[in-house]
Amino acid sequence: MKKNESSLTSLVSAFGRAYHNKYDTPKIFDDFLANNLISEGEFSAISSNMINGIQFFNRDIGQKFKDDSEEILKWITQVQLSPTPLARSAYCEKVLLNEIRLGVKQYVILGAGLDTFCFRYPELKSRLKIFEIDHPATQEFKKKKLEDAKLNIPNNLHFVSMDFTTEFSHQDLADEGFNNKKTFFSLLGVSYYLTKEENKALINHLFSNVPPGSSIVFDYADEKLFKEKGISNRVENLVKMASASGEPMKSNFTYNEIENMLEKSGLLIYEHLSPTTINELFFKNRTDYLSAFETIHFIHAVKK
């Protein structure tokens, strides 16, 4: 990633959560602080860019709502942008909160961006160390955003600058106070952009220095990723956008491949959510455009 690209990615992600908080009901994942980290100008600029891009996403929708830019923005956000990030965040935090009750002491967020978990759960300050791993540029961007929002960084939040996709450093984590205690990892929106070998190496690194019972939640694309078009071609659009941005999607897995990869790192799958299950859990009975992406699965895996 170039210097400012990861910052932009984190901003667009925050936009999706802020939009959901402002306009969608019922809530799938209510990040009530996301709006504090995105200025009115940024929200407006991202909205305009999306509305202006409707011809790429769906010409028919662009024509149908040509005089209703708010409906176009709602369509793009709910169909293309938000479904997977909202559902995986909701699932991840549900699992994390249960793991804390079961004795997890450390939470490592890989690709944290503008994550707000630490600030939404101040009651965990004395019980949970949180380590946010991301690019240095993104972390400086976030610190400025927190300062502007008058959100003070608590003692249990540690920023670790690292490109974990190329080389994971346990020493950098240890320097911030990470130790051999029961740990929960989140790896959301990352696996697609790594090769299968890179995913395998990363999982190996993560679990080499943590005790049994430590676990991870991550999402992955199944074997239909490059064949499935999806509702309104949204899966195909996602693949095209990633390629056009210079960060193409590199891997997809069968369930057996995921199971074998985790087994070799000493992990067992505790829970697997298919697209159908994700839709049932997080999108049931909605009257808007939100629905689970056709090729995305969630995994909770635990170290034996």
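## A buried lysine

K145 is buried, at a relative accessible area of 10%. The structure here is a predicted model, and in it K145 sits in helix α8, which covers residues 136-148. What does the side chain of K145 pair up with? Its partner is the side chain of E42, and the polar contact between the two is 2.4 Å.

Is E167 buried or exposed? E167 has a relative accessibility of 62%, so it counts as exposed, the cut-off for that label being over 50%.

Some backbone angles deserve a look, because most residues other than glycine have a negative phi, and most peptide bonds are trans. The peptide bond joining T25 and P26 is cis, with omega at about -5°. P26 belongs to the loop between α1 (5-23) and α2 (40-52).

Then there are the positive phi values. S232 isn't a glycine, yet its phi is positive at about 50°. You'll find S232 in the loop between β5 (215-221) and α11 (234-244), and with a relative accessible area of 27% it is partly exposed.

N285, also not a glycine, has a positive phi near 60°. Its loop lies between α13 (275-282) and β7 (296-303).

Terms used:
Residues numbered from 1 in each chain as written. Predicted model: local features only at pLDDT ≥ 70, side-chain atom pairs only at ≥ 80, totals over all residues. Heavy atoms only, no water. Buried < 20%, exposed > 50% of the residue type's maximum accessible area, 1.4 Å probe, protein only. Helix = DSSP H or I, 4+ residues; strand = E, 2+ residues; numbered from the N terminus. Polar contact = N/O pair within 3.5 Å; in protein donor to acceptor, adjacent residues only side chain to side chain.
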